[in-house]
There are 2 protein chains.
Amino acid sequence: MKDFKYYAPTEVVFGKNSEDQIGKMAKKYGAKRVLLHYGGQSAERSGLLKKVREQLTAEGIAFVELGGVVPNPRVSLVRKGVEICRKENIDFILAVGGGSVIDSAKAMSVGVPYQGDVWDFYIRKAFDKACLPIGCVLTIPAAGSEMSNGSVITNDENGLKKDYCINEFRCKFAIMNPERTYTLPAWQTACGAVDMMMHTMERYFSKDDDMDITDNIAEALLKTVMNSASILMREPENYRHRAQIMWAGSVAHNDLTGCGTSDDWATHNLEHELSGMFDVSHGAGLAAMWGSWARYVMHENITRFARFAVNVMGVPNDFNNPEATALAGIRATEKFFASLGMPTDIHTLIGKEISDAEIDEMADKCSNGGTSTIGGLKVLAKKDMIEIYKMAR
Amino acid sequence: MKDFKYYAPTEVVFGKNSEDQIGKMAKKYGAKRVLLHYGGQSAERSGLLKKVREQLTAEGIAFVELGGVVPNPRVSLVRKGVEICRKENIDFILAVGGGSVIDSAKAMSVGVPYQGDVWDFYIRKAFDKACLPIGCVLTIPAAGSEMSNGSVITNDENGLKKDYCINEFRCKFAIMNPERTYTLPAWQTACGAVDMMMHTMERYFSKDDDMDITDNIAEALLKTVMNSASILMREPENYRHRAQIMWAGSVAHNDLTGCGTSDDWATHNLEHELSGMFDVSHGAGLAAMWGSWARYVMHENITRFARFAVNVMGVPNDFNNPEATALAGIRATEKFFASLGMPTDIHTLIGKEISDAEIDEMADKCSNGGTSTIGGLKVLAKKDMIEIYKMAR
């Protein structure tokens with residue numbers, strides 16, 4: 001096992017009554033002038049934004065609003081938010097929405113005190129950690145951004161989708177009411193389930209086989225998500241299972257499932273290029289890529305893929321043939337994704353055949369023009385990326 | 001499921017090289033004048049205290065020392081520590097040891113700014129939250145105090161053992177090197193394993209059956225601890241399994257295993273009286289009490305005891321007779337405790353027969369003279385406590 005650090009300081013307020021704490025929590029963490037940041041109109045229609053405004057007003061907290069965050073949040077809106085925060089002397093950013101809104105808020109938070117352009121952080125030209133504090137009211141369980149250290153932003157000028165990760169990005173508080181997720185369409189619920197599964201699996205498929213507690217917790221989490229997601233396809237207003245999914249999304253990405261293991265993230269990297277180029281849903285893109293990645297790398301740790309097959313996917317263990325067990329597990333995972341309506345290849349994902357030129361362009365971006373690699377379990381160069389994209393096409 | 005809050009802000013530095021961070025972490029959290037607090041001579045003999053002193057000195061941090069913490073830490077030493085902190089203008093307390101040392105440090109931390117006697121907090125006469133910040137270097141995995149909000153102190157004047165729980169007690173950082181636990185005797189390792197299992201089980205045996213992710217994580221944790229503890233009985237210097245136990249102790253008591261469930265704590269309360277009266281090891285006392293508690297309360301939620309039997313203890317499920325399954329699970333748990341050399345009754349624990357008068361005295365203290373109750377799964381009054389003590393005698 002590897003030495004590790006674990007730091008998940010976000011104060012979580014979870015449940016039906018959690019929204020009554022929005023104003024109090026903002027005040028507790030020093031908010032006086034808030035940027036209220038959100039996406040489209042669903043938070044308005046549902047009455048959630050009204051509630052947030054009332055809560056802030058009741059605590060005597062001033063606020064300015066900035067909506068319009070889209071999936072794969074854009075750096076152009078982040079830049080606009082940074083300007084507003086400076087002009088309005090904002091001291092706290094409150095994100096109301098899912099991972100896109102929270103990631104956008106995180107980008108602003110580090111952009112405000114920085115002299116240059118906020119995109120610098122995402123292309124490793126700047127490494128500042130000074131941030132405005134952030135809180136969130138989560139409405140889409142998926143990305144885990146509410147407890148994570150990461151922010152993923154898309155540059156609308158060149159289609160690049162990049163991340164920046166610092167502990168200072170972790171939300172001071174996260175308000176989570178599972179009832180707010182009742183109206184999520186099945187597609188979005190499924191994308192979220194895949195995303196949180198992949199956050200766990202990117203850490204689970206490692207070279208290190210000896211962090212039992214982390215692996216056992218990861219398997220428990222994966223089985224919970226699979227069961228609850230399946231039930232939600234039929235019963236979208238099932239509180240119990242909305243709650244499992246919502247909390248699982250946070251635990252999957254607050255680093256608990258990676259304590260003592262190395263991690264991979266190749267599937268995420270490959271998918272970021274897909275959603276950068278085709279603006280597809282992140283979760284759907286992950287489902288489309290994972291099986292091909294798994295078949296390409298499984299021989300690096302066949303035992304681990306066999307264990308996953310048996311312990312998570314419930315595949316019978318062929319003790320004499322771990323490879324057969326591993327492959328059955330990969331097929332079972334794809335079958336599960338498909339049962340949620342998720343694509344398991346790129347054609348289904350983007351609705352057309354992808355060209356060799358498009359694959360080459362994605363692999364080129366993903367490898368920074370062939371100069372860098374991705375992956376931990378197996379290190380992947382540009383030629384490997386092309387191979388995996390072709391397997392997934 | 002219940003609404004819940006989750007807040008575990010402790011920055012954990014875990015692994016073989018973690019001790020190199022002691023000075024840096026103390027500095028990061030603002031330490032300028034430290035009270036270095038520890039127990040007996042083992043931390044001195046092992047060279048750990050020398051390392052801590054060097055690390056503090058290297059960062060230019062002044063320190064004053066106070067050793068002598070004993071298991072079931074005494075309020076008399078806490079009072080002495082409070083005096084020293086005030087006199088020496090201490091701004092940070094660094095605990096080096098196990099749960100007793102950390103709990104003692106927590107008590108001091110809230111005692112220093114308080115005008116009255118620190119025991120007031122433990123008997124619910126004072127409710128202040130202002131604290132000196134605390135960090136720790138953990139050497140005994142068991143109590144989980146390194147990430148918990150609780151402190152348990154024994155009053156050496158009257159034998160009362162009481163707790164005080166506030167989020168401000170959570171350590172700013174925790175340094176954990178599993179190698180430091182190689183020299184723990186088997187008995188102490190076993191006591192620790194029982195303690196962390198019970199921290200999980202006190203939350204697992206609840207009336208609420210619908211927080212799947214929490215229950216699944218709890219089961220994963222329990223199975224990990226059982227497996228690793230068994231191996232450590234034979235291989236005390238097995239790094240992998242020392243690491244599982246060390247991290248499990250933190251996760252078992254940082255509230256993760258209680259998210260969305262109600263909790264019980266009756267076994268802990270019953271045990272506190274045993275260790276208050278006979279000064280026994282907390283973990284051993286828990287092992288001695290649990291089976292009798294379980295048999296007394298199991299009918300409140302027989303399904304949950306059957307699930308525990310099957311999912312944690314590996315007992316075959318008698319689908320037609322959940323009570324038989326549940327009882328087999330309780331027997332299997334006691335058998336497991338015994339396999340670690342733990343007592344499963346009071347006679348074995350204290351080495352003599354306990355008298356009716358002693359039982360009555362313990363039940364009287366535990367119920368505050370018959371005026372209060374304990375337990376969540378089943379609420380227990382003084383007469384119930386007497387019954388359970390008698391079953392366990």
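Reader: What makes Lys16(B) a charge over the face of Tyr239(B)?
Author: In this predicted model, Lys16(B) lies 4.4 Å from the ring centre of Tyr239(B). The cut-off is 6 Å, with a limit of 35 degrees from the ring normal. Lys16(B) therefore counts as lying over the face of Tyr239(B).

Reader: Which residue lies over the face of Tyr204(A)?
Author: Arg304(A) does, at 4.5 Å from the ring centre.

Reader: Why is the pair Tyr164(B) and Phe169(B) called edge-to-face?
Author: Two values describe a pair of aromatic rings: the distance of the centres and the angle of the planes. For Tyr164(B) and Phe169(B), the centres are 5.8 Å apart and the planes stand at 85°. Pairing needs centres within 6.5 Å, and edge-to-face needs over 60 degrees. So the pair is edge-to-face. Tyr164(B) and Phe169(B) are both buried.

Reader: How many aromatic pairs are there over all chains?
Author: The count is 42. In chain A, ring pairs join Tyr114(A), Trp119(A), Phe121(A), Tyr122(A), Tyr164(A) and Phe169(A) into a cluster.

Reader: What is the hand of the crossing, and which residues make the contact?
Author: H8(B) passes H9(B) in a left-handed crossing. The contact residues include Leu221(B), Val225(B) and Leu232(B) of H8(B), and His241(B), Ile245(B) and Val251(B) of H9(B).

Conventions. Residues numbered from 1 in each chain as written. Chains lettered and ligands numbered in written order. Predicted model: local features only at pLDDT ≥ 70, side-chain atom pairs only at ≥ 80, totals over all residues. Heavy atoms only, no water. Phe/Tyr/Trp six-rings, centres within 6.5 Å; stacked < 30°, edge-to-face > 60°. Buried < 20%, exposed > 50% of the residue type's maximum accessible area, 1.4 Å probe, protein only. Left-handed = near helix turned anticlockwise from the far one by under 90°. Helix = DSSP H or I, 4+ residues; strand = E, 2+ residues; numbered from the N terminus. Contact = heavy atoms within 4.5 Å.
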